[in-house]
Amino acid sequence: MSDTPKTRLATDLIHAGRIRTNLEENAEALFLTSGFTYESAEMAEAVFDNKIPHFQYTRFANPTVTMLEQKLAKIEGAEVCRATATGMAAVSSALLCGIRAGQRVVAARALFGSCHWIVSTLLPQYGVETVFVEGTDLDEWKEALSKPTALVLLESPSNPMLDIVDLRAVSALAHAAGAIVVVDNVFATPLLQKPLELGADVVVYSATKHMDGQGRVLGGAVLGRKQWMEEVFQPFFRNTGPSMSPFNAWVILKGLETLHLRVTAQSQSAEAIAKFLEASPKIARALYPTLASHPQRELAMSQMSGGGTLVAFEVKGGKEAAFRVMDAFRIITISNNLGDTKSLATHPATTTHMRIGAEERARLGITDGCIRLSVGLEDAQDLIEDLAQALDKA
Ligand SMILES: *Cc1c(COP(=O)(O)O)cnc(C)c1O
């Protein structure tokens, strides 16, 4: 082929990052191999001395995983991507690789449960000072970032209540405090929000969610600038081994080919469902970033191009009512995954956010009546009818 044309997202999801062997295979090859060989001892020496580019060992790099990394870097607009075994491997590596005892981390309180644990429990064990702020309150960010800080971690929209953090403003405050900004962009997906363009330095994903999108494998990704990825992240990654399995990379590569179709359709359904829920007398509140009633709709729309595939709502009548609704679903399934083609409902207070405790849940607005719905690819009207009949039992 002649020189590479300038292409758009849908094309990049199909073609970007491809490595084709001399067998000219069409679909991406699965290199299920832990190691690679050298023609001579001299060659091995040159490869280890970085004089010849050559795959060495799958913990460092693998062609199938490299294809995924190159594709993700292209669609995110990042200089470098490294794929990891899980989303949590991505988050923990991005946080631990550069942090030192005595340094300070500021994080939004509304984080995925395990991310919250890393900040509240793990980092302090290593002598890192950690501070939580209310992510939606810029005054709290200002106060927390008035001292020198090494790293800021946030999620927007947040799990499960879909709080929106002002990425531009927080990035500016963080940079003034000397911090790098790590954004967990799982809920928005690379389709609907580009944190690097809004000021973030590092983006992390759980590829388990929309990227696989069909509930099969775990994976994660860390994306950032060449200098940080090579000098700070890469030594940690190579030596601690959070690497992605080539098999999982191969599955996720296939998932990515339809990412834009799935996320677009699922977001449309999610918006229709949020509107239906908001009008139901059984509901205390429905949260979705594009709803007129969302307290941060304007901010959401200034940094996202769509509301995403998740809806949160609070059933009147607390835990008993929420459980009755969930147990009455006929199409929607009870599961704590998200971003799947199947619609999945979770009761955060008793599952994903059980361990953070009642006090922290109250601060986050996660009441016992709250249900998080990950909207799948089923017919939206069928989902609305399923919700309607289930809500009748609340
Ligand atoms: C799922 C998820 C993670 C963790 O990803 P795993 O692949 O389960 O390790 C981190 N952050 C958010 C927002 C998530 O939804």
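User: A polar contact is a pair of N or O atoms within 3.5 Å; within protein, one atom must be able to donate a hydrogen and the other to accept it, and residues adjacent in sequence count only if both atoms are side-chain atoms. Which residue places a polar side-chain atom 2.6 Å from a nitrogen atom of the ligand?

Analyst: The model is predicted, so local features need pLDDT of at least 70 and side-chain atom pairs count only at pLDDT 80 or more, while totals for chains, interfaces and linings use all residues. Residues are numbered from 1 along each chain as its sequence is written, and side-chain values use heavy atoms, with hydrogens and water left out. The polar side-chain atom that lies 2.6 Å from a ligand nitrogen belongs to Asp184.

User: How do the residues of the shell around the ligand divide into nonpolar, polar and charged?

Analyst: A residue is near a molecule or strand if one of its heavy atoms lies within 4 Å of it; there are 13 residues around the ligand, and Met88, Asp184, Ser206, Thr208 and Lys209 come nearest. Ala, Val, Leu, Ile, Met, Phe, Trp, Tyr, Cys and Pro count as nonpolar, Asp, Glu, Lys and Arg as charged, and the others, Gly among them, as polar. The division is five nonpolar, five polar and three charged.

User: How far does helix 3 (residues 63–76) reach from its first C-alpha to its last?

Analyst: Helices (H or I, at least four residues) and strands (E, at least two) are DSSP runs, numbered from the N terminus. The expected span of a helix is 1.5 Å times one less than its number of residues. For the 14 residues of helix 3 the expected value is 20 Å, and the reach in the model is close to it, at 20 Å.

User: Which residue with a positive phi follows helix 3?

Analyst: At the start of helix 3, a side-chain oxygen of Asn62 reaches to within 2.9 Å of the backbone nitrogen of Thr64. Along its length helix 3 is mostly covered, with 12 of its 14 residues buried. After helix 3 comes a residue with phi near 75°, Gly77.

User: Is Arg82 buried or exposed?

Analyst: Arg82 is found in strand 1 (residues 80–84). Its side chain makes a polar contact of 3.0 Å with that of Glu69 and one of 2.9 Å with that of Gln234. Because its relative accessible area is 7%, Arg82 counts as buried.

User: Which residue is joined to Pro160 by a cis peptide bond?

Analyst: Most residues other than glycine have a negative phi, and most peptide bonds are trans. Pro157 and Pro160 are both found in the loop between strand 4 and helix 7. Ser156 and Pro157 are joined by a cis bond with omega about -5°. The cis bond to Pro160, with omega near 0°, comes from Asn159.

User: What is the relative accessible area of Asn50?

Analyst: Asn50 is found in the loop between helix 2 and helix 3. Its phi is positive, about 60°, although Asn50 is not a glycine. Asn50 counts as exposed because its relative accessible area is 69%.

Key: Buried means under 20% relative accessible area, exposed over 50%, partly exposed in between (1.4 Å probe, protein chains only).
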